[in-house]
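Hi,

Here is the model I promised to pass on.

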Amino acid sequence: KSEVLQAHVFVLAVRVWTRGSPDKDWFEHQARQGRTKGPVGASIHLFALIMDFFHRALDFSVSWGTASLALSTTMLLAVMIPGAVRAQAVLDVTKASREGSDTPSNIFES
């Protein structure tokens, strides 16, 4: 299911904010999107960053665009991809605890 504006993400974010903690839907979304869009976005950003550095190599200048591209790449690599791994780990632990006992502790129930 693909949405151009990804409105469901805003609904999830508001629900997490009002609840005060993430729920299962949020972790599933983060795990799914972070695993796919994180590496693809980081690859595109790194390629653009390398091309920009080669383009500016002669005059040794750094533009605001280059700086924002570097920051965006860092955010993808340092936040989105590890966040997806953590979200998947939470989902796996919750699933294992549900399957492992008759009365599992479920972090998603309030």
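What pattern does the protein chain follow, read along the sequence? The answer is α-α-α, with 3 helices and 0 strands in the chain. Helices here are DSSP runs of H or I with at least four residues, strands are runs of E with at least two, and both are numbered from the N terminus.

Before the details, some housekeeping. This is a predicted model, so local features need pLDDT of at least 70 and side-chain atom pairs count only at pLDDT 80 or more, while totals for chains, interfaces and linings use all residues. Residues are numbered from 1 along each chain as its sequence is written, and side-chain values use heavy atoms, with hydrogens and water left out.

**The chain overall**

Of the 110 residues in the protein chain, 21% are buried (buried means under 20% relative accessible area, exposed over 50%, partly exposed in between, with a 1.4 Å probe and protein chains only). The accessible surface comes to about 8000 Å², and carbon and sulfur atoms hold 67% of that. Those areas come from the Shrake-Rupley method with a 1.4 Å probe; for residues, only the protein chains shown count as cover. Among contacts with a separation of 6 or more, 56% are between residues 24 or more positions apart, a contact being heavy atoms within 4.5 Å.

The expected span is 1.5 Å times one less than the number of residues.

H2 takes in residues 24-55, Glu28 among them. Glu28 counts as partly exposed because its relative accessibility is 31%. Leaving aside neighbours within four places in sequence, His29 touches Gln6, His8, Val9, Leu12 and Gly34.

**H3**

How do the numbers work out for H3? Its 37 residues should span 54 Å at 1.5 Å a residue, and the end C-alpha atoms are 52 Å apart, which agrees. There is still a kink of about 30° centred on Leu76, where the bend is the angle between axes fitted to the seven residues ending at a residue and the seven starting there.

Which helix do the buried residues of H3 pack against? They pack against H2, and they are Thr66, Thr73, Leu76, Gly83, Ala84, Ala87, Leu91 and Thr94. Thr66 sits in H3 (residues 64-100) and is buried because its relative accessibility is 2%. Beyond its neighbours within four places in sequence, Thr66 contacts Leu49, Asp52, Phe53 and Arg56.

**A nonpolar patch**

Leu46, Phe47, Ile50, Met51, Phe54 and Leu77 make a nonpolar surface patch of about 600 Å². Patches use residues with over 30% relative accessible area and no salt bridge, joining like charges within 9 Å and nonpolar side chains (Val, Leu, Ile, Met, Phe, Trp, Tyr) within 5 Å; a salt bridge is a side-chain nitrogen of Lys or Arg within 4 Å of a carboxyl oxygen of Asp or Glu. H2 gives the largest share, 5 residues. Met51, found in H2, is partly exposed, with a relative accessible area of 38%.

Cheers
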